[in-house]
Amino acid sequence: MSAGRVAARLAELGITLPPVPAPAGVYVPALRSGRYIHTSGQVPLVDGALPRTGKVGAEVSPEDAKELARICALNALAAVESVAGSLDRVVRVVKVVGFVASDPSFTGQPGVINGASELLGEVLGEAGRHARSAVGVAVLPLDAPVEVEIQVEIEDETGDGDD
């Protein structure tokens, strides 16, 4: 994508990247290794608080959880930008891992994590297509309904995404 294209796309979508949420433990929100940036798991914090808590399929509807997964992805993009300097450096989203705190009978984890995947596609276009895992878990930090982590490849120092 050309310089400023991702910021323009975010503006077109009416999306503002949030500040990078403070870690809830002893870790960093994102870390670069070579041409890859790995984010820590991002819960759907908005202004430092969770808009919803509980298990998907019980206290939280799948539709609400899908929206929360979008927030997780936005928080992950903010973490990527904090390390890369600009989201325009993203060559591709390589992998998304989504965790859904699930009622034992809930089996719709992929639909929930589609919220994150769809947002990445809307913002990054073809570069937002990725491999993915959507996993149901018993509980997440802070009783969050969903958590998302991403891995992205960024341009090398010459501006080329290829080796």
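**Labels and their cut-offs**

Tutor: Not counting residues up to four places away in sequence, valine 83 touches Ala30, Leu31, Arg32 and Ile37, where contact means heavy atoms within 4.5 Å. This is a predicted model, in which local features need pLDDT of at least 70 and side-chain atom pairs count only at pLDDT 80 or more, while totals for chains, interfaces and linings use all residues. Residues are numbered from 1 along each chain as its sequence is written, and side-chain values use heavy atoms, with hydrogens and water left out.

Student: Why is valine 83 called partly exposed?

Tutor: Buried means under 20% relative accessible area, exposed means over 50%, and partly exposed is in between, with a 1.4 Å probe and protein chains only. Valine 83 has a relative accessible area of 31%, so it is partly exposed. Valine 83 lies in helix H2. Helices (H or I, at least four residues) and strands (E, at least two) are DSSP runs, numbered from the N terminus.

Student: What makes asparagine 75 count as buried?

Tutor: Its relative accessibility is 1%, and the limit for buried is under 20%, so asparagine 75 counts as buried. Asparagine 75 also lies in helix H2, residues 62-84.

Student: Which backbone oxygen does the side chain of asparagine 75 reach?

Tutor: That of valine 43, at 3.0 Å. A polar contact is a pair of N or O atoms within 3.5 Å; within protein, one must be able to donate a hydrogen and the other to accept it, and residues adjacent in sequence count only if both atoms are side-chain atoms. Leaving out residues up to four places away in sequence, asparagine 75 touches Pro18, Pro21, Gln42, Val43, Pro44 and Leu45.

Student: How do you know that strand S3 and strand S5 pair?

Tutor: Two strands pair if DSSP finds at least two bridges between them. S3 (residues 90-101) and S5 (residues 146-154) have nine bridges, so they pair, in the antiparallel sense. Phenylalanine 99 has glutamate 147 in S5 as its bridge partner. S3 also pairs with strand S4 (residues 131-137), in the parallel sense over seven bridges.

Student: What is the handedness of the crossover from S3 to S4?

Tutor: The chain goes from S3 through helix H3 (residues 109-124) to S4, and this β-α-β crossover is right-handed. The term applies if, with the strands pointing away from the viewer, the path from the first strand over the helix to the second runs clockwise.

Student: What makes a set of residues a nonpolar core?

Tutor: The set consists of buried Ala, Val, Leu, Ile, Met, Phe, Trp, Tyr and Cys residues joined through side-chain atoms within 4.5 Å. The largest one here has 38 residues, and Leu77, Val146 and Ile150 have the most contacts inside it. H2 gives the largest share of this core, eleven residues. A second, separate core has six residues, including Leu50 and Ala101.

Student: Why is leucine 142 called exposed, and where is leucine 142 found?

Tutor: Leucine 142 has a relative accessible area of 56%, and the limit is over 50%, so it is exposed. Leucine 142 is found in the loop between S4 and S5. It has a positive phi of about 65° although it is not a glycine.
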